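Reader: I would like to go through the terms used for this model one by one. Please set each value against its definition.

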Number of protein chains: 2
Amino acid sequence: MTTLRIAEIFGPTIQGEGALIGEPTVFVRAGGCDYRCSWCDSMHAVDSAYRHDWAVMTPEDVMAEVRRLSGGKPLTVSISGGNPAIQDFAPVIAIGKEEGYRFACETQGSVSQPWFADLDTLVLSPKPPSSGEKTDWHKFTRCLHQAKGCGQAVMKIVVFDDTDYAWAKAAAERHPELPLYLQPGNPEVDPELPVDLNQATDRLLWLIEKVTGDGWFTPRVLPQLHVLVWGNKRGV
Amino acid sequence: MTTLRIAEIFGPTIQGEGALIGEPTVFVRAGGCDYRCSWCDSMHAVDSAYRHDWAVMTPEDVMAEVRRLSGGKPLTVSISGGNPAIQDFAPVIAIGKEEGYRFACETQGSVSQPWFADLDTLVLSPKPPSSGEKTDWHKFTRCLHQAKGCGQAVMKIVVFDDTDYAWAKAAAERHPELPLYLQPGNPEVDPELPVDLNQATDRLLWLIEKVTGDGWFTPRVLPQLHVLVWGNKRGV
Ligand code: SF4
Ligand code: SF4
């Protein structure tokens, strides 16, 4: 019997970023990640030091919790992490789709899964240089192949600085077929500390001016709404 | 020769709300409106007291300015107002599309135009009770008929209070075929006064909790990003 390591399940709230921004969503955050981004805002779902906080759940357990939170009304379920692609979410998606739930998944694109094809939305978010991680574009492309038949595949890139920005442009040239979403990086990831709203909007402004000043009109530029609204509080 | 009353043309910046949120855009704000919403944030494009500030431009003048602002690179042009549907934007759209520009238009749905069919995106934003205006749903439906053949038609509703919220739900039931975007109302429309960011995020939070608490998972809930980033400053 498949079991899954789950760091948290919460919602419904709205999706705070990217292609589905504003969409009422229940989030299933998988535990475990093959990356260690320097600015990761989800270390509680990455570092095995937090492993004792993760639940071991069957796919039916996961969907039972999603159902409870949404009052049994189908909505979008976002599978995130950590890197959810290191586990097998096929059974969760199969049960949920049967009941009318829609599924989105966000992953960096380092591990591919056959169940990508069952998703409504696959968000591939390769990590820019500031993360300290390196993208294997061969593996990234394999993710895209696995996703054939899914509703939509999009690319989302977090931009902290000029180096990240140049890297994002190169990534876009590599995959012009993917709708692109850029978001300013958030260095304030400590859940114990409040986020400075003015600094957060300044970072968005910087990225907007970068893109428009550059005449690069392809990407959409979006903030992390949940950071603007809730700061770094978890489970909202 | 057609001429147009234009209150302002500005950009490129990003679209701050609704279906195209985050999209690099040049805005063409038409002068004149058949409504007088109590909380209108664009009175400089509505009230004929500001008429002497509006430019009288030919369609080629309008596109020349759009071209200048975008450095000749095609992007999305958003035609707003006022109510742009009381004027003839067909020639502007024809010239722009020829050069690869895409066109969105936002209107309350009180006046229909054949050129709606030429748009990439038609945003119909019927005004809720708090506006003091009343929607003529027959005219609204005529707008939708005129829009047949356009890229996409969506509905956006501003929600200030519980009455508006109930009204938005009824509007959604009337037009389930239209993807729906809700945004919290902004009562702080004086361009001379700063916007209180915490209050703006509180209003978003209120609407998110309303929708999710209600199990109403169809609409997307989005803030006005430009208000969060720039306050009420014009021309950004
Ligand atoms: S890939 Fe995502 S979850 Fe994993 S370390 Fe990087 S930011 Fe954190
Ligand atoms: S329809 Fe729009 S532009 Fe016209 S008065 Fe109302 S809010 Fe202002």
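Reader: What makes the pair B:Arg220 and A:Glu23 a salt bridge?

Author: A salt bridge is a side-chain nitrogen of Lys or Arg within 4 Å of a carboxyl oxygen of Asp or Glu. In this predicted model, the closest N and O atoms of B:Arg220 and A:Glu23 are 3.3 Å apart, so the pair meets the definition. Between chain B and chain A the count is 2 salt bridges.

Reader: What do the numbering and the confidence limits rest on?

Author: Residues are numbered from 1 along each chain as its sequence is written, while chains are lettered from A and ligands numbered from 1 in the order in which they are written. The model is predicted, local features need pLDDT of at least 70, side-chain atom pairs count only at pLDDT 80 or more, totals for chains, interfaces and linings use all residues, and side-chain values use heavy atoms, with hydrogens and water left out.

Reader: Which element gives the most to the side of chain B that touches chain A?

Author: α5(B) does, with 8 residues. Helices (H or I, at least four residues) and strands (E, at least two) are DSSP runs, numbered from the N terminus. By class, that side of chain B has 23 nonpolar, 7 polar and 4 charged residues. Ala, Val, Leu, Ile, Met, Phe, Trp, Tyr, Cys and Pro count as nonpolar, Asp, Glu, Lys and Arg as charged, and the others, Gly among them, as polar.

Reader: Why is the relation of chain B to chain A called a two-fold axis?

Author: Chain B can be laid on chain A by a turn of 180 degrees and a shift of 0.0 Å along the axis, with an RMSD of 0.0 Å. That is the relation of a two-fold axis. The superposition is by least squares on the C-alpha atoms of residues with pLDDT of at least 70 in both copies. In chain B, the C-alpha nearest the axis belongs to B:Leu197, 3.8 Å from it.

Reader: How do you know that the same surface serves both copies?

Author: Of the contact residues of chain B (heavy atoms within 4.5 Å), 100% recur in chain A. Each chain gives 34 residues to the contact.
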